[in-house]
Every structure is written in C-alpha cells, then in structure tokens.
Amino acid sequence: MSAASAMPPSLWAATAPPAPPTPPLAGSRKADVLIVGGGFTGLSAALHLAEAGVQVCVLEAHEPGWGASGRNGGQVNPTLKHDPDELVRLYGAERAEPLIDAVSGSADLVFDLIARHGIDCQPVRNGWLQVSYSEKDVAGLHARAEQWARRGVNTLPLDRAAVAARLGTDTFAGGWLDGRAGGIQPLAYTRGLVRAAQGLGVAVHGGIEVTALERRGSHWHASTSTGASVTAEQVVIATNGYTGALWPGLKRTVLAANSFIVATEPLKGAAADAILPRGETASTSQRLLLYFRKDAQGRLLMGGRGHFADPGGPADFAHLERSLELLFPQLGPLRYEYRWAGRIAVTRDFMPHVHTPAPGMTIALGYNGRGIALATSMGKHLAARLVDAGADFPYPVTPIQPIPLHGLQRFYVAGGVAWYSLLDRLA
C-alpha cells in the first residue's frame, strides 16, 4: 500500500453520500482486534465484532472503499467460480456443504445489513443473469442452475428468446437467472458499513498505512506511516487486490488483475427501457467475462478485464465501449460519463484464501471478482471465529503459498488475457 490519496474518480465517487469522518489515528491506542484494510472484509468483520462487544480499530491507508470495494461493478453475486457439485468433489460433502451454505447466503447478508442499518446505496434485488454466446455452453449453465435449485435457490434456466426478452439483445444463446442476486452502489454501501461500525464504537481511521507488525508477548504491535501505533490481541489483514509487503509472501499469493468499467450518460426512451427492463444484473460466462447493469439513474454500465497497467486515458476503455455498442446497437452512438478501474485479487484455485500464519494473526483475501457478497460474508464468519475459536468456520484455512515466479505477474496477466481471448473466440 502507498501513501494516502484521494478517492479515484468514478461514477460511484461522484454519486455516493459523503464519506463519514475517518481521520488518521493520533498517538497510540489499544484494541482487542486491529483490522488492516477498510474494504468489505475489514468493515464487515469490524461491524460483526462490535456487535459481539469486541473493541475494534480499523486502519486504512487511504479512505475506506478506496480499493476495489469502492470501484467494482456493484453486482451482489452469491457464487464461486466452482459450482456446488464441484466443491463437493474438491472438499467432500462434510466440508463443502457449510461452504456452499455460506456462499449461498452471502447476498442475503448484504441486503440484510443494508436494511438493518438503513444504508443509502440504491439496493435492487431482481436477480443476476449469466448468459452465453455459445449454444454448446448453455447446457452447462442450465446444469449450474439445477445444482443451486436442488439446494433451494430460486433459479430459472433461460433459452435464447427468454434471455433476449430480459436483456434487450438477441446476441446470446441462453443462460440462467439467479434470484438471490442484485445490485448496489458499492461505495455508498462501504460508507454505510463505516457509519454502522462507528455507531457501535469501532474506531475507523483513514490515511494511515500500517508499515510493520511485531509480535510482543501475547499482543501485536502495529507501526504506522504517521508514527501512531496500535497494540491488539488479534490482527486481521484484509487488503485483497491492494496487498503489499506487510506480511511476508502474502502479496505473491494472488494476481492483482485490473477490472475496467465504463458508464454511459443516463439513457431514456423506448430503446433504453427495453434493456434489462426487470432490473437484473448480467454477465457473460466466457473466460474473459463482461458484466453489465443499469444504475438508479438509467446509466448503462459495462465492465471487464483490462491490461495490467492502470488506465492512462479513454483509449484504454475502447474495448468495453465497442462491446456495449455491439450488444445494443439500437441505442445508436453513446456518450460516456465515467471510466474507471480497480484491482481484484485472483487466486490460483479461484477460491477465497484464509491464512492464520501466526498466533493472533488472520488473513483473508482473494474473491476473484465476487467481493461484495463473498467479502461481506467472510467478514461475518471471521468475526465469529475471532470471538470463539471453536465456532464453525465454512471457508478453507490454508498455508500461505506464493505463486511461482510471481514477479512475472504482469506477463501472467497479459498472457492469460491473450490465451483466454483466443479460447473465447474459438468457442
């Protein structure tokens, strides 16, 4: 993590309610739990810990929500890359079913927190459409829907005509609807979590980077960029796609891939009204997926992978704008109000990673582009585990295992983008 900086420009930064005050910590303080990182994982953990009566301090190098939590596409999707039956094959039913339940309930948790704490984040819960260009892939999507339906989830397999009616384009061969999902204004949600946590006594400080962690007896001592310090019995590191060198080897366990997003000006008229008329969110099932939705003002958003470097100008978003205009040619030429990007943490196994590398130290990261639902869920379950070490914990806990030759991650990402793009074209 680098020195504190202003919130990057985006649609969400322009339209979110004002940020609650989170001034840097002055001096030193003690806490039961120190959380490093003010995104969904850290704030959810802080909120749930505070509800259990735990004294919590959150330190964020920038402003809460500065990373992917405030820059994502706003889709609340309660799924993993792996389908439920695949999870059972990987972990066995005894371990997999609690994980599946936690993932399945993750969107419920998000919308419950929004309702309970009165978070002003434009929540819409009309489901998520996952669609495919290819006829041969539709059967797999229908099988995915059936797996979740067997577990009581409201799903609906869709053919070409049904997808066209819901999306407003006849580009796709079919797909499925996940009724658990929805959309929010993610930076507004993040700021709402800050306010809720502060209301329960959590100390949230922005503009302060944790530079070192040292075990002193039964406690951890955190040094910071401002000279302030925190002593705590437990530490949670929740820095995800912006993980730095704070803990040895951690940065090398994930690939920090850029996700680029564009947003049109608010659209009006019959052609615009026919696009996602029921208010679902949507994404494609291809390897280099595209995701799209409308916001509360009728803007059309399109997101997808970009190059490894941060964008330098509008030309870096041309592939998304071209995709959007190919999907919806009936809209004619489009004007774009916002273009922005943020980093997600991609793991080798496409699973969230939880590590406990030392007494009193817990690390969680790696949501592979599903952070709103999964990171909120992770925070809740981490809190329960910190309060009661014997509590059931659904997510696998693994050793830190750096990706080999991680220093070449720029080439990993570029090579992966090229390879998956080729496979998508062949499909």
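This is a predicted model: local features need pLDDT of at least 70, side-chain atom pairs count only at pLDDT 80 or more; totals for chains, interfaces and linings use all residues.
**View 1. Helices α3 and α4 cross in a right-handed sense.** Helix α3 covers residues 84-91 and helix α4 covers residues 93-104. Their axes sit 7 Å apart, at an angle of about 140°. On the α3 side, the contact uses P84, L87, V88 and Y91. Facing them from α4 are A93, R95, A96, E97, L99 and I100. Sorted by class, that makes eight nonpolar residues, two charged ones and no polar ones.

**View 2. Helices α2 and α8 pack with a left-handed crossing.** Here we've got helix α2, residues 40-51, and helix α8, residues 186-199. The two axes come within 9 Å and cross at roughly 30°. Angles under 35 degrees count as roughly parallel, so α2 is roughly parallel to α8. From α2, the residues making the contact are F40, L43 and L47. Helix α8 brings P186, Y189, T190, L193, V194, A196 and A197. The class tally for this contact is nine nonpolar residues, one polar and no charged.

**View 3. The largest nonpolar core has 70 residues.** I35, Y189 and Y395 are the residues with the most contacts inside this core. Helix α11, residues 371-387, is the top contributor, giving the core eight residues. There's also a second, separate core, made of 27 residues. Among its members are L129, L158, L300 and Y336.

**View 4. I35 and the residues it touches.** I35 is one of the residues with the most contacts inside the largest nonpolar core.

**View 5. I237 is buried in strand β11.** The strand runs over residues 229-237. With a relative accessible area of 2%, I237 falls under the 20% cut-off, so it counts as buried. Leaving out residues up to four places away in sequence, its contacts include V36, L213, L246, W247 and L250. I237 also touches M361, T362, I363 and A364. For a distance check, take I208, which is 29 residues from I237 along the chain: the C-alpha atoms of the two are separated by 14 Å.

Methods: Residues are numbered from 1 along each chain as its sequence is written. Side-chain values use heavy atoms; hydrogens and water are left out. A nonpolar core is a set of buried Ala, Val, Leu, Ile, Met, Phe, Trp, Tyr and Cys residues joined through side-chain atoms within 4.5 Å. Buried means under 20% relative accessible area, exposed over 50%, partly exposed in between (1.4 Å probe, protein chains only). Helices (H or I, at least four residues) and strands (E, at least two) are DSSP runs, numbered from the N terminus. Contact means heavy atoms within 4.5 Å. Axes are lines fitted to C-alpha atoms, for helices over the stretch in contact, and angles run from 0 to 180 degrees between N-to-C directions. Angles under 35 degrees count as roughly parallel, over 145 as roughly antiparallel, 65 to 115 as roughly perpendicular and the rest as oblique. A crossing is left-handed if the near helix is turned anticlockwise from the far one by less than a right angle, and right-handed if clockwise. Ala, Val, Leu, Ile, Met, Phe, Trp, Tyr, Cys and Pro count as nonpolar, Asp, Glu, Lys and Arg as charged, and the others, Gly among them, as polar.
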